[in-house]
Amino acid sequence: MSHTHSPAKQIDHMSASAKGYDAVVVGSGVSGSIIANELSQKGFSVLVLEAGPGTGMTIREYEADLTRFYGAASKDNNAAYAVNPNAPMPRSTQTRKLQPGQPNDSGYLVQNGPVEIDSTYARVIGGTTRHFEAKALRMLPEDFDMRTRYGQGLDWPLDYQTLEPYYQKAECEMGVSADVEDQGYLGIAFEPDYVYPMRKIPVSYLDQAVAKRLQGATVTLEGEAYPLTVRSTPQARNGIPNPRYNKGKGFVPTGAVDPHQAEMGGRCQGNNNCVPICPVQAKYDARRTLAKAIGTGHVDLLPQTVASRVLVDSTSGRVTGIEYKTYKNLTSSEYTTGTVRGKVFVLAANAVENARLMLASDLPSSSGLVGRNLMDHAYLLTWALMPEVVGTMRGTPCTSGIEDLRGGGFRRKQAAFRASIHNDGWGWATAAPYTDLLNLVDDQNKFGRALQRGLVDRISRQLLLDFMVEMPASESNRVTVDPRYRDQLGNPRPVISYGVSDYVLEGVAFARRTSRRIYQRLGAEDHSAYDPLEAGWVSYEGQGYIIRGGNHWAGTHVMGTSAKNSVVDSHQRCWDHENLYLAGAGSMPTIGTSNTTLTLSALSFRSGEHIARELKAV
Amino acid sequence: MSLTRITSVAELHRHLHAALQLEHATIPPYLTALYSILPGTNGEAYRVIRAVVVEEMLHLTLAANILNAVGGTPDLTPPDFVPEYPAYLPDGETDFQVDLQRFSKAAIETFLRIERPAHAEAAGKPRVVKRKKPARGALRASRVADDSDEHFYSIGEFYADISHGLAALQDALGAKTLFCGDAARQVTPDYYYSGGGEIIPVTDLASAQAAIRLISEQGEGIGGGIFDFEDEISHYYRFQQLTLGRFYLKGDKPGHPTGGSVDVDWNAVYPLTTNARLADFAKGSELRAAAADFNAYYKRFLELLTRAYAGQPQLLIEAVGEMFRIKEMACHLMRNPMEGRGKEHAAPTFEMASVAVEV
């Protein structure tokens with residue numbers, strides 16, 4: 001079950017810089033790994049630059065990360081990785097309530113507001129898939145023409161049908177577990193006879209309890225009734241392979257990454273800490289794809305190397321090389337500068353870092369859109385106690401959700417959303433179960449049996465619904481760079497301006513009303529509370545809410561139909577630089593109500609195919 | 001001369017029941033060594049033993065599928081199903097002792113012996129030998145017949161005989177008569193999936209022989225090679241990596257692995273008492289109660305597996321949760337020193353017979 005690969009041959013920067021490559025890929029996350037794999041499988045030579053340390057391609061190194069996570073006092077998304085001042089990562093713990101006119105520059109991100117965002121990403125091998133939750137929802141067909149259809153956000157230059165075959169590739173690569181019967185709603189269409197690689201992850205007891213009581217429940221919006229159907233959620237973690245997959249050929253799951261066979265990474269065991277790290281490697285992350293790419297023998301991996309500048313020939317606009325800073329280790333700021341060369345260059349460093357690197361290279365694009373249209377999802381958390389024990393804290397964080405409000409005519413006036421039922425209790429909102437334990441012991445002096453009963457009563461009844469509210473593109477939300485803010489290597493840090501529009505807040509308010517209705521129907525005690533002194537607090541029509549980030553950074557190099565309205569074309573190629581591709585969620589003009597990884601993976605397959613064609617033509 | 005000693009369906013059933021007992025008999029010693037490793041240490045060793053024990057569970061289930069296919073009913077609950085340890089396994093002309101013991105050089109030596117390829121023909125020996133019966137702890141596995149002192153030379157010969165027997169009985173009785181089992185009893189990938197080879201539902205001679213091939217080759221490789229027909233490293237060479245301190249890569253020669261290093265700390269282990277027995281625990285102690293609880297739980301677990309193999313394969317999903325509990329209960333014992341045993345710690349005793357009687 002382990003995914004064996006030849007021992008990761010890590011090249012030194014001198015050799016890499018002396019060699020010419022067919023393609024240079026910046027970032028070993030899911031976009032970079034898929035493109036590197038697609039190209040290397042066809043025999044093209046690829047160099048992958050990774051800003052983070054070169055560890056993580058063995059079980060031993062992975063388990064060192066796991067141990068770090070277990071020992072960390074704060075279990076935030078990047079708790080499993082060593083602090084690295086040479087390639088710093090945003091951490092949710094660095095988010096602070098902003099004072100008007102005073103940016104928060106205490107973390108890696110410099111936050112200008114007006115709304116503080118607590119989203120993060122990881123700068124390690126495998127990128128942010130290392131800590132993603134692995135929900136793998138397709139976008140709705142209507143998400144691709146939001147502007148035309150609803151007058152909001154931006155249209156994609158391609159439609160659902162065009163992307164559909166690449167969704168299939170992404171679902172295969174990531175190993176998605178889902179039942180196709182549950183997923184064909186709001187126009188999501190599958191090829192006839194399509195099944196997902198693996199059967200759905202079993203839904204939790206909590207999901208079943210919620211589903212039973214919500215049967216027949218509806219909410220009304222603009223005179224139209226929307227059902228509240230509880231559906232299983234597709235996820236990129238190992239379940240039971242579906243023998244009907246691939247015309248009856250079945251599916252062989254991949255597991256833990258290591259040069260040696262280890263029988264690790266089998267079926268999900270429901271450990272509940274997929275975010276930030278799966279203890280048994282049942283969850284997909286991009287290292288699996290990178291391992292395959294390395295296995296071709298055509299890929300060199302150059303870690304501990306931060307791309308610092310994209311070099312462009314001023315007459316042709318073609319990229320001639322990438323300047324990098326390679327550092328000695330995590331504890332020293334000592335570094336060496338060099339340049340790597342290739343025929344094609346791919347920036348796959350995520351939406352924030354791609355924009356940061358382009359802007360640091362004085363490449364705002366002729367449209368001026370690099371860094372603009374920054375998007376994420378606006379998460380509203382609501383939480384309640386169920387009337388009876390429902391076995392909270394078992395299973396993956398979420399196994400079911402409510403999808404009916406992802407699409408509809410109401411999107412002309414207010415943002416759509418989907419809701420997830422959380423098996424991990426109130427953790428996201430209140431840091432349960434740790435806070436519950438502290439409260440029972442310190443404040444209520446409970447011990448022995450009474451403490452045991454208290455914990456069961458408090459924790460096993462917890463229900464948290466997260467409402468993932470869509471956020472259409474808006475040019476004022478953006479990433480910029482500012483020479484005043486630099487990291488230890490002298491690279492400019494991302495400066496974030498982020499606000500939440502009334503369109504989104506209308507959706508947030510409706511989500512809150514929907515949650516009240518759901519809790520009434522469930523007979524649950526609503527405990528949701530939003531503190532105006534906390535980061536992310538917004539007020540709308542007299543009500544206050546806390547908006548949380550979803551780590552779904554997107555939109556900073558949107559794709560479109562021309563060099564005027566976009567940074568890249570539908571193959572993620574820069575209009576201004578014909579041998580430069582900007583890959584990832586940064587290319588997405590609209591993200592609707594889907595977690596971005598599955599869709600950006602589909603885009604990576606499509607770009608990989610395109611780049612291979614281009615390289616053949618050279 | 002007939003290649004097989006199996007001449008009737010009843011004899012075939014007897015051998016397959018013995019195969020179930022044999023496959024299971026390696027699990028308590030492997031689990032004892034595995035769980036004795038101090039948490040957070042000996043990662044490579046832990047994963048090597050774990051990989052093997054997971055495959056032994058696969059073999060157990062494959063043996064159940066074969067038995068079900070030929071109309072038998074697997075039963076993991078007879079009083080002598082779990083042998084008394086030290087148990088004795090056949091190896092050439094002698095039986096050798098298998099202890100329930102902590103992770104140690106001695107334990108790995110025993111594991112190597114369990115998994116070592118031994119073929120009568122290659123050794124220039126007869127396929128069936130007379131062997132002195134040990135006083136207790138002997139497995140039925142290699143005995144040619146209940147009332148005989150004759151044994152198969154090795155486990156490999158034992159499985160070869162089942163394979164030949166299946167073919168001979170099909171010739172004699174026809175496929176329909178031999179493979180008369182209820183297909184609904186087969187454990188399929190829907191209910192079983194782990195690493196190291198897929199579960200094979202058995203419905204005919206070809207699938208039965210594929211299952212046998214998987215069982216024998218996962219243990220000892222192809223003709224004693226490092227890798228099996230699925231390119232998977234065999235148990236023998238997996239264990240050898242621990243004594244040689246290095247992982248095998250494809251293309252390596254036996255005895256000369258060239259992969260990454262395997263660092264073993266033989267001291268990072270709970271100092272378990274060897275072959276613990278309930279009688280060794282102080283009467284009335286909490287630890288004794290915990291050891292008895294473990295046995296009772298394990299017995300119920302074997303009953304659950306028996307039901308799963310007898311037509312309710314969906315129970316295997318539930319059984320996965322129970323396995324976590326087995327680990328938790330075993331580790332609970334192992335963390336505690338035993339009264340009157342100096343520095344030695346407690347360990348599960350796997351005495352199923354004691355369950356009804358105690359405490």
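Predicted model: local features only at pLDDT ≥ 70, side-chain atom pairs only at ≥ 80, totals over all residues.
T480(A) stands opposite V495(A) in strand β18(A). Residues are numbered from 1 along each chain as its sequence is written, with chains lettered from A and ligands numbered from 1 in the order in which they are written.

Back to β18, residues 495-498 of chain A. It runs antiparallel to β17(A), and 3 bridges join the two. Strands here are DSSP runs of E, at least two residues; helices are runs of H or I, at least four; both are numbered from the N terminus. Two strands pair if DSSP finds at least two bridges between them.

Next, the sheet. It is open, has 3 strands, and its order is β4-β18-β17 in chain A, with mixed pairing. The edges are β4 (110-114) and β17 (478-480) of chain A, each pairing on one side only. From one strand to the next, the twist averages 20 degrees. That angle uses axes fitted to C-alpha atoms, for helices over the stretch in contact, and runs from 0 to 180 degrees between N-to-C directions.

Which elements sit over the buried residues of α10(A)? They include β10 (305-312), β12 (335-347), β17 and β22 (580-582) of chain A. Helix α10 spans residues 351-360 of chain A, and 9 of its 10 residues are buried, so the rest of the structure largely encloses it. Buried means 20 or more other C-beta atoms within 10 Å of the residue's own; exposed means 12 or fewer; partly exposed is in between; C-beta atoms are placed from the backbone. Among the buried ones are E353(A), N354(A) and R356(A). After α10(A) comes D362(A), with a positive phi near 55 degrees.

Now a hairpin. β20 (537-540) and β21 (543-548) of chain A pair antiparallel over 4 bridges. W537(A) stands opposite I546(A) in β21(A). There are 2 residues between the strands, and E541(A) in the turn has a positive phi of about 50 degrees.

Last, the core. The largest nonpolar core has 268 residues; V25(A), V346(A) and V469(A) touch the most other members. A nonpolar core is a set of buried Ala, Val, Leu, Ile, Met, Phe, Trp, Tyr and Cys residues joined through C-beta atoms within 7 Å. Helix α3 (43-69) of chain B gives the largest share, 14 residues. Chain B itself has 11 helices and 4 strands. Of its 359 residues, 47% count as buried.

Definitions and conventions: Contact = placed C-beta atoms within 7 Å.
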